[in-house]
Amino acid sequence: MESTATNWLTVRKEIVGKAISIGVAVAMYGVSFGALGTTTGLTIPQTMALSLLMFTGASQFTLVSTLASGGTALTAVTASWLMGTRNAAYSMRMTPILKIKGPGRLVAVQLTIDETTAMGLAQDETAFEGRASRLAFWATGLSVYLLWNLATFIGAISVSAIGDPKAFGLDAAIAAGLFALVWPQIKSRIEVSVALGGALIALALTPFVSPGVPVLAAALVAVILGWVTGRRLS
Amino acid sequence: MWFAVLAGAAGCYALKYLGSAIPGHVLEKPSVKQVVVLLPIALLSALVAVQTMATSQELVVDARLPALAAATLALRFKSPFIIVVLIAAATAAGLRYFGLAT
């Protein structure tokens, strides 16, 4: 028992550390988002409302940039929904792992985004009776929610004093961070096929459809391969 | 503008909620279960690919691709998470600083 307890402390420390670094990386983009929001005609409360209530970065950037490029409110709203569709698949996967009932579920739902799902799934689902996965989800959710909103506020009031996140390589850091979280989930041959297939479909479609659709289309690979192999298992 | 902000947020929350509202026994079917397990892998891999090689609707090779290659190498050597992320950031930032990539 002694060693399990020590183990858990190590694992817990590692998870919390990761959660904080993800929050910090994401926050740099939060500053950009805040600045973009107020420079494209949203008020500070409106920009904040997006980070507090919508809380899914890709949808937020899409909504604001559609409005900025002269799109109608309806087009902007629809585009943001399209970007948020993948979160439905994430919550479908995370709900049985999180095992929560009541009002807590409504909070968990709001925190279900790329980063929290990737972190939750990067842990062994059975480790410490699922505690590792749950801690990874909640710690990342808390860290990203707080830092994303704080950063949005700073960006919204100061209008981008920090410069281009790309100069710090942050765009690559975010991609690499997500990749590092997907990496341990890709083990079997079927998982490798799904990952590669999904990536290829998304890239192949990128020039032809509006942003957001390529990533969604990758779901097809999971549906087809999952259905076929799942039937064989039963 | 408030319409766009609030309608957008409400729809995005509804989408997140939708996935959690599917009854457990539906997800227990082996074929459905397998699909649900593979979905995040497909979506997140696609997201990484797009974040690495797409700018809006254009496919581009810039500092991000070598950065991800460096990160992959670091992952192969079982580097800790933060090191992987820092290697990617440093590679992209360095290539851009010296004007070797955009």
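Helices here are DSSP runs of H or I with at least four residues, strands are E runs of at least two, and both are numbered from the N terminus. You're looking at a predicted model, where local features need pLDDT of at least 70, side-chain atom pairs count only at pLDDT 80 or more, and totals for chains, interfaces and linings use all residues. Residues are numbered from 1 along each chain as its sequence is written, while chains are lettered from A and ligands numbered from 1 in the order in which they are written.

**Stop 1: chain B.** Select chain B and colour by secondary structure. Five helices and two strands show up, in the order α-α-α-β-β-α-α from the N terminus. The C-alpha atoms fill a box of roughly 55 × 45 × 25 Å along the principal axes. The radius of gyration of chain B is 19 Å, whereas a compact globule of 102 residues would be near 13 Å (taken over C-alpha atoms; the globule rule is 2.2 Å times the number of residues to the power 0.38).

**Stop 2: helix 4 of chain B.** Now select B 64-76. These 13 residues reach 18 Å from first C-alpha to last, close to the 18 Å expected at 1.5 Å a residue (the expected span is 1.5 Å times one less than the number of residues). Show B:Arg64, B:Ala67, B:Leu68, B:Ala71 and B:Ala74, which are buried. They cover an arc of only 115° around the axis, so they sit on the same side of helix 4 of chain B (the arc is that of the directions from the helix axis to the C-beta atoms). Buried means 20 or more other C-beta atoms within 10 Å of a residue's own, exposed means 12 or fewer, and partly exposed is in between, with C-beta atoms placed from the backbone. Just past the helix, check B:Lys78, with a positive phi of about 55°.

**Stop 3: what covers it.** Then centre on B:Ala88: leaving aside neighbours within four places in sequence, its contacts include A:Ala172, A:Ala176, B:Ala67 and B:Ala71 (contact means C-beta atoms, placed from the backbone, within 7 Å).

**Stop 4: the A-B contact.** Select both sides: 83 residues from chain A and 65 residues from chain B. On the chain A side, helix 9 gives the largest share, twelve residues.

Definitions and conventions:
Contact = placed C-beta atoms within 7 Å.
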